[in-house]
Amino acid sequence: QVQLVESGGGLVQAGGSLRLSCAASGRRFSSYVMGWFRQAPGKMREFVGVISWNGGSTYYADSVKGRFTISRDNAKNTVDLQMNSLKPEDTAVYYCGATTRGLVSSRLEYDYWGQGTQVTVSS
């Protein structure tokens with residue numbers, strides 16, 4: 001059982017950077033694989049990236065690869081998403097999720113979600 005709260009969203013110009021954070025409360029945070037997803041208006045929630053329970057492995061959607069970086073600090077129960085070279089197409093509500101099902105990319109395979117934080121990239 002975990003509770004997740006995202007923060008750090010806001011308005012940024014194209015080419016800028018933003019760092020999102022997901023704070024977790026739970027007894028076994030380090031046992032969860034943590035993912036980041038995003039959802040634009042009128043669209044399905046889509047995979048952004050995922051990090052293994054020990055931070056040793058990360059995978060990213062092709063659309064963000066090379067620009068976004070996921071990290072986690074199990075001692076602080078936090079997962080961050082560093083977003084660089086932002087594009088207007090990155091505009092969405094960003095969610096962190098937790099799963100016990102491994103390094104999965106499907107939104108249907110995540111067990112817990114935060115409330116989301118809005119990221120708006122202006123052109």
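A residue counts as buried when its relative accessible area is under 20%. By that cut-off Phe-37, with a relative accessible area of 0%, is buried. The model described here is predicted.

## Sheet

An open sheet of 4 strands runs in the order β1-β3-β8-β7, with antiparallel pairing. Its edges are β1 (2-7) and β7 (68-73); each has a single partner strand, so one side of each is left without a neighbour in the sheet. From one strand to the next, the twist averages 15°.

Strand β3 (residues 18-26) pairs with strand β8 (residues 78-83) in the antiparallel sense, over 6 bridges. Leu-18 has Met-83 of β8 as its bridge partner.

Arg-19 lies in strand β3 and Asp-80 in strand β8, so the contact ties together parts that are 61 residues apart in sequence. Arg-19 is partly exposed, with a relative accessible area of 43%, whereas Asp-80, at 16% relative accessibility, counts as buried.

## Disulfide

A disulfide is a covalent bond between the sulfur atoms of two cysteines. The structure holds 1 disulfide, which joins Cys-22 to Cys-96 with an S to S distance of 2.0 Å. The link of Cys-22 and Cys-96 is right-handed, with 55° about the S-S bond. Distant parts of the chain are linked by this pair: Cys-22 is in strand β3 and Cys-96 in strand β9, 74 residues apart. Both Cys-22 and Cys-96 are buried.

## Aromatic contacts

A pair of aromatic rings is described by the distance of the centres and the angle of the planes. The structure holds 5 aromatic pairs. One of them, Tyr-32 with Tyr-112, is edge-to-face, at 5.9 Å centre to centre and 80° between the planes. Tyr-32 lies in the loop between β3 and β4 (33-39), and Tyr-112 in strand β10 (residues 112-113), so the pair ties together parts that are 80 residues apart in sequence. Tyr-32 is buried, with a relative accessible area of 8%; Tyr-112 is partly exposed, with a relative accessible area of 27%.

Phe-37 and Tyr-110 also form an edge-to-face pair, with 4.9 Å centre to centre and 75° between the planes. Phe-37 lies in strand β4 and Tyr-110 in the loop between β9 (92-99) and β10, so this pair ties together parts that are 73 residues apart in sequence. Tyr-110 counts as buried, at 6% relative accessibility.

Phe-37 and Tyr-110 belong to one aromatic cluster with Phe-47 and Trp-113. Arg-45 contacts a ring of this group: the charged end of Arg-45 sits over the ring of Trp-113, 4.6 Å from its centre. Elsewhere, the charged end of Arg-72 sits over the ring of Phe-29, 4.7 Å from the ring centre.

## Salt bridges

Side chains of opposite charge can pair when their charged atoms come close. The count comes to 6 salt bridges, among them the following.

| Salt bridge | Closest N to O distance |
|---|---|
| Asp-90 and Arg-67 | 2.8 Å |

In the salt bridge of Asp-90 with Arg-67, the closest N and O atoms are 2.8 Å apart. Asp-90 lies in the loop between β8 and β9 and Arg-67 in the loop between β6 (58-60) and β7, so the pair ties together parts that are 23 residues apart in sequence. Asp-90 counts as buried at 2% relative accessibility, and Arg-67 is buried with a relative accessible area of 11%. Asp-90 and Arg-67 are also linked with Arg-38 and Glu-46 in a network of salt bridges.

Asp-111 and Arg-101 are both in the loop between β9 and β10, 10 residues apart. Asp-111, at 31% relative accessibility, counts as partly exposed; Arg-101 is partly exposed as well, with a relative accessible area of 44%.

Terms used
Residues are numbered from 1 along each chain as its sequence is written. This is a predicted model: local features need pLDDT of at least 70, side-chain atom pairs count only at pLDDT 80 or more; totals for chains, interfaces and linings use all residues. Side-chain values use heavy atoms; hydrogens and water are left out. Two strands pair if DSSP finds at least two bridges between them. Helices (H or I, at least four residues) and strands (E, at least two) are DSSP runs, numbered from the N terminus. Axes are lines fitted to C-alpha atoms, for helices over the stretch in contact, and angles run from 0 to 180 degrees between N-to-C directions. Rings of Phe, Tyr and Trp (its six-membered ring) pair if their centres lie within 6.5 Å; planes under 30 degrees apart count as stacked, over 60 as edge-to-face and the rest as tilted. Buried means under 20% relative accessible area, exposed over 50%, partly exposed in between (1.4 Å probe, protein chains only). A charge sits over a ring if NZ of Lys or CZ of Arg is within 6 Å of the ring centre and within 35 degrees of the ring normal. A salt bridge is a side-chain nitrogen of Lys or Arg within 4 Å of a carboxyl oxygen of Asp or Glu. A disulfide is a pair of cysteine sulfur atoms within 2.5 Å.
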